[in-house]
Amino acid sequence: MIAPWVWRAAWLLLPAAWLLHRYTHNDTLVFFVACASLIPLARTMGDATDGLAERMGPAAGSLLNATFGNAAELILGIAALRHGHVELVKGSITGSILANLLLVGGGAIVTGGLRRRRLRFNRLAASSSVATLFLAVVAMVVPTLLSIGGNPRYDPSLLSEEICVVLILMYALSLWFSLRTHREEVGSVREELHATPAEAQAAKKPPHPNPPPVARELVRLVVAAAATAIASELLVSALNGTVSTLHLPETFVGVVIVAIVGNAAEHSTALMFAHRGDMDVALGIAWESSKQIALLVAPVLVIIGILLGTQMNLAFTRFEVVALGMSVVALALIALDGESNWLEGAFLLAVYAVIGVGFFFVG
Amino acid sequence: MIAPWVWRAAWLLLPAAWLLHRYTHNDTLVFFVACASLIPLARTMGDATDGLAERMGPAAGSLLNATFGNAAELILGIAALRHGHVELVKGSITGSILANLLLVGGGAIVTGGLRRRRLRFNRLAASSSVATLFLAVVAMVVPTLLSIGGNPRYDPSLLSEEICVVLILMYALSLWFSLRTHREEVGSVREELHATPAEAQAAKKPPHPNPPPVARELVRLVVAAAATAIASELLVSALNGTVSTLHLPETFVGVVIVAIVGNAAEHSTALMFAHRGDMDVALGIAWESSKQIALLVAPVLVIIGILLGTQMNLAFTRFEVVALGMSVVALALIALDGESNWLEGAFLLAVYAVIGVGFFFVG
Amino acid sequence: MIAPWVWRAAWLLLPAAWLLHRYTHNDTLVFFVACASLIPLARTMGDATDGLAERMGPAAGSLLNATFGNAAELILGIAALRHGHVELVKGSITGSILANLLLVGGGAIVTGGLRRRRLRFNRLAASSSVATLFLAVVAMVVPTLLSIGGNPRYDPSLLSEEICVVLILMYALSLWFSLRTHREEVGSVREELHATPAEAQAAKKPPHPNPPPVARELVRLVVAAAATAIASELLVSALNGTVSTLHLPETFVGVVIVAIVGNAAEHSTALMFAHRGDMDVALGIAWESSKQIALLVAPVLVIIGILLGTQMNLAFTRFEVVALGMSVVALALIALDGESNWLEGAFLLAVYAVIGVGFFFVG
């Protein structure tokens with residue numbers, strides 16, 4: 001485990017990125033330092049959300065966690081939309097889902113499976129994750145297909161708005177399912193099923209003897225969110241320079257680089273739990289996070305994008321949609337039976353590798 | 001439940017449609033009244049088929065039911081083909097399958113799941129339905145893909161005919177499977193697995209003390225079929241006017257409006273059984289009806305269309321094929337484990353909503 | 001069973017093909033005789049590999065079998081690449097996978113299911129086969145999609161090479177899985193899980209009282225491989241003439257004719273075991289062979305093709321990729337529950353028929 005002082009020191013990456021931006025004009029450097037600075041910020045937001053959640057009772061707390069779990073992705077997305085980087089936003093949505101399902105999920109299965117012959121996990125959680133993610137794929141296929149055939153009736157914004165309403169509604173229903181009607185069944189899992197690393201760790205610790213006051217947690221949350229907004233601005237402002245220096249397509253930067261950085265925290269926590277054999281927690285982190293991005297962050301970004309007057313909608317590139325569809329099917333093939341082994345984890349990682357290499361070659 | 005006199009009164013919709021057609025020339029009105037008149041007619045055909053089936057012993061009776069279960073769709077399809085409305089016919093085939101799988105199936109699962117934590121149903125019936133529906137998807141993908149790439153060797157009619165033979169053969173085999181070789185296993189279900197509402201209700205009633213004479217049932221069947229043919233003619237003749245008045249694409253009318261009307265009877269019966277907790281019956285109605293349309297009604301319509309000299313074949317629009325493929329996969333994701341819950345039903349309804357919204361925007 | 005003298009006599013097909021090639025110039029005749037001559041040669045290579053494997057202990061023997069199991073396909077592929085018939089090679093890869101999964105697998109299930117109500121097989125073997133085959137589909141979808149959109153960054157050879165490395169690595173891992181870490185579980189199967197008919201038969205016989213000396217087996221292997229190379233040369237040299245005489249597209253010849261001939265041996269052995277009710281062996285033959293072609297033969301051919309300077313890569317035609325994707329999904333739908341029945345076998349055969357008819361019409 002990384003010592004607490006390292007996490008605190010990592011906050012210094014943000015002022016470093018700002019200084020580099022101010023004095024060097026080396027966009028690539030600014031971009032990567034700003035990327036790195038997001039990791040501790042995302043973690044702090046997770047910790048603060050979790051601290052607040054602990055004080056609010058299980059139902060309201062879970063709701064808070066579920067809603068703010070991917071706040072960093074949302075803040076970054078808004079900054080990118082404000083500068084009109086629609087491709088980056090779409091790419092980072094696709095990439096976050098791919099990274100969570102294939103990289104985090106596959107890595108967790110391999111880690112857990114190295115010392116265990118057979119890994120078991122909650123089938124109900126697996127099948128409801130697969131179903132909701134498949135709905136997200138349908139929601140992207142429909143506008144993407146319509147945008148390909150030159151279609152006079154097709155109104156991208158209107159169609160995307162309507163679909164976004166369905167997605168957000170479905171997200172609310174899936175919360176209702178796991179927090180109310182089927183709490184006991186998903187429950188034994190649910191208790192330790194956390195979207196952010198901080199939550200996950202918190203659940204393992206005995207409750208704080210002296211929990212920090214609510215006010216302090218709120219201040220932490222607000223400060224971290226503000227810092228995330230600044231880091232996002234720096235990252236986005238350096239994007240054009242980075243893309244042209246490195247000869248990388250904007251979609252690749254979103255799908256691979258931003259997505260891996262944005263989910264680094266999830267990744268390390270999931271692997272830690274997988275190592276201990278807590279597959280329900282490890283896979284829960286990967287799946288809940290994917291679900292939240294697909295059914296909550298993505299539609300909220302689309303609606304914000306439309307309000308901001310950008311070209312944001314749910315029509316992704318053909319390659320993004322096919323990649324997402326294939327990874328949800330890959331997940332379904334290995335997860336629906338509630339059992340796994342290291343070979344299936346390696347299979348998910350191989351699917352990620354093939355898709356990632358493909359994104360590098362997309363113009 | 002709707003009282004019998006309402007059903008009898010609903011027969012008056014047919015003369016009403018005819019009078020409107022004769023005296024008002026308001027195509028939209030004629031269209032919707034003719035649509036509505038199909039609901040009681042389809043029900044009467046179902047009742048009469050069922051009355052005959054009851055007299056013929058279980059095997060021959062099931063065969064009769066399985067073959068005439070979607071007679072209304074077939075009669076309407078022939079009328080539309082005679083007027084060259086190929087898009088409407090294809091759309092109503094796609095739409096009937098979508099409506100049965102997603103709307104009827106999803107509605108039944110939600111209804112059944114509101115008061116029950118976990119719904120169970122026959123896995124063998126589920127997996128054989130999914131497999132046969134997937135075959136239908138393959139049968140549509142092949143000609144559709146070939147029709148897209150400008151392909152000199154491609155002969156749409158010949159290819160479609162050959163595929164139709166495979167589909168009809170497979171339908172015959174699936175009847176053989178459920179009526180002969182695996183009767184006991186699908187059996188406990190099969191007894192109450194009915195394609196039309198009338199059958200389903202009949203199965204729940206004790207056998208008639210005085211069953212109506214065969215001759216009377218035959219007359220009812222012939223009269224209802226003739227009336228359906230007239231309603232279909234009225235509906236089709238009003239189609240062009242309706243489409244241009246409402247600014248709706250013909251495919252949308254077929255996929256959404258005609259399909260929902262044509263399956264209204266199935267829908268109400270399936271929900272009734274789901275409410276009682278008879279999920280095998282409720283889902284059986286939805287799945288058997290989809291299967292019958294995909295493997296029997298569609299190929300028969302293609303063959304009739306080719307005989308009539310129209311451009312009918314199995315090459316659907318790209319969007320129709322993708323929509324069908326996604327809904328069969330959605331069904332597979334939730335049904336193959338033989339268990340469900342209300343969230344999975346809501347998921348099917350959400351997939352239907354997204355696809356339905358999409359069809360509205362297809363030119 | 002076919003008597004041994006028939007198999008020996010069948011070796012005469014090779015000189016016959018050569019004489020026809022030398023004296024008649026009837027390309028079609030040469031093509032089909034050379035095709036037929038591959039059947040006994042493939043069998044002899046299988047027998048010899050098996051004889052060697054028997055002497056080398058289980059682990060090294062299985063490895064030898066797994067690596068040389070599809071040697072005939074590989075030799076034929078190299079000959080075709082040397083003459084620049086890239087379409088034929090791609091087609092025969094697609095076709096071998098389709099034939100094994102759908103035709104051999106479906107045929108085995110129907111044969112086994114005619115006398116048994118319910119067929120059971122090892123679920124772990126089924127799910128790992130489905131997963132690895134799905135990876136192969138992803139590996140073909142990515143370059144195919146990129147090759148469609150005119151993409152300036154896209155470098156077909158480089159992308160295909162990188163993906164081939166992932167595939168070969170995954171093949172090695174899947175061997176490690178079934179020969180080392182999960183030997184006992186796949187084991188009861190594994191013992192009798194053979195890629196070639198000879199292996200399968202050998203496993204059923206008691207060990208040879210006087211096993212033939214290693215040197216003799218090595219000579220048989222080398223002679224059969226050399227003869228296969230000659231037959232492949234004859235077949236490939238007659239290809240252009242055959243294709244233009246019969247008005248058949250090169251892809252169809254590869255997908256249907258070459259693939260069925262190349263897998264004739266697997267087919268007959270699988271049916272034999274299915275008839276006896278050994279479904280694990282029968283389906284194992286079909287699945288192992290598909291897996292080996294997808295994850296080993298195909299990438300090796302791509303790398304050889306690139307070394308030879310041909311246009312070989314992993315970008316298949318759209319129809320080939322969709323056909324493969326659909327057949328892997330079809331397999332997943334019926335196999336993942338570890339149970340089957342004759343209707344599911346008929347379903348696989350029907351999918352093969354529809355796809356095969358489609359390939360006939362692809363230009």
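Colleague: How many of the residues of helix α16(A) are buried?

Modeller: This is a predicted model, in which local features need pLDDT of at least 70 and side-chain atom pairs count only at pLDDT 80 or more, while totals for chains, interfaces and linings use all residues. Residues are numbered from 1 along each chain as its sequence is written, chains are lettered from A and ligands numbered from 1 in the order in which they are written, and side-chain values use heavy atoms, with hydrogens and water left out. Buried means under 20% relative accessible area, exposed over 50%, and partly exposed in between (1.4 Å probe, protein chains only). Helices (H or I, at least four residues) and strands (E, at least two) are DSSP runs, numbered from the N terminus. Helix α16(A) is mostly covered, with 15 of its 18 residues buried.

Colleague: What span should the 18 residues of α16 of chain A have?

Modeller: The expected span of a helix is 1.5 Å times one less than its number of residues. For α16 of chain A, residues 318-335, this gives 26 Å, and the end C-alpha atoms are 26 Å apart, which agrees. Helix α11 of chain A, residues 214-237, should span 34 Å, and its end C-alpha atoms are 35 Å apart, which also agrees.

Colleague: Against which helices do the buried residues of α11(A) pack?

Modeller: Contact means heavy atoms within 4.5 Å. The buried residues of α11(A), including L221(A), A224(A) and T228(A), pack against α2, α3, α5 and α12 of chain A. In chain B, S232(B) is found in helix α11 and counts as buried because its relative accessibility is 0%. Among the residues that S232(B) touches are L38(B) and I75(B).

Colleague: Where does E73(A) lie, and is it buried or exposed?

Modeller: E73(A) lies in helix α5 of chain A, residues 71-82. E73(A) is buried yet has no salt bridge, and the nearest side chain of opposite charge, R43(A), is 15 Å away. Here Lys and Arg count as positive and Asp and Glu as negative; His and the chain ends are not counted.

Colleague: Which side chain meets that of R123(C) in a salt bridge?

Modeller: Side chains of opposite charge can pair when their charged atoms come close. A salt bridge is a side-chain nitrogen of Lys or Arg within 4 Å of a carboxyl oxygen of Asp or Glu. The partner of R123(C) is D337(A), at 3.7 Å from N to O. R123(C) lies in helix α7 of chain C and D337(A) in the loop between α16 and β2 of chain A, so the pair joins two chains. R123(C) is partly exposed, with a relative accessible area of 40%; D337(A) is partly exposed too, at 26%. Over all chains, a search finds 18 salt bridges.

Colleague: What is the separation of the closest N and O atoms of E288(C) and K291(C)?

Modeller: These atoms are 3.4 Å apart, and E288(C) forms a salt bridge with K291(C). The two residues, three apart in helix α15 of chain C, are separated by about one helical turn. Both E288(C) and K291(C) are buried.

Colleague: What rotation superposes chain B on chain C?

Modeller: Copies are superposed by least squares on the C-alpha atoms of residues with pLDDT of at least 70 in both. A rotation of 120° with 0.0 Å of shift along its axis superposes chain B on chain C, with an RMSD of 0.0 Å. The two copies are thus related as by a three-fold rotation axis. Of the residues of chain B, D337(B) comes closest to the rotation axis, its C-alpha lying at 5.0 Å.

Key
Lists of a residue's contacts leave out its neighbours within four places in sequence.
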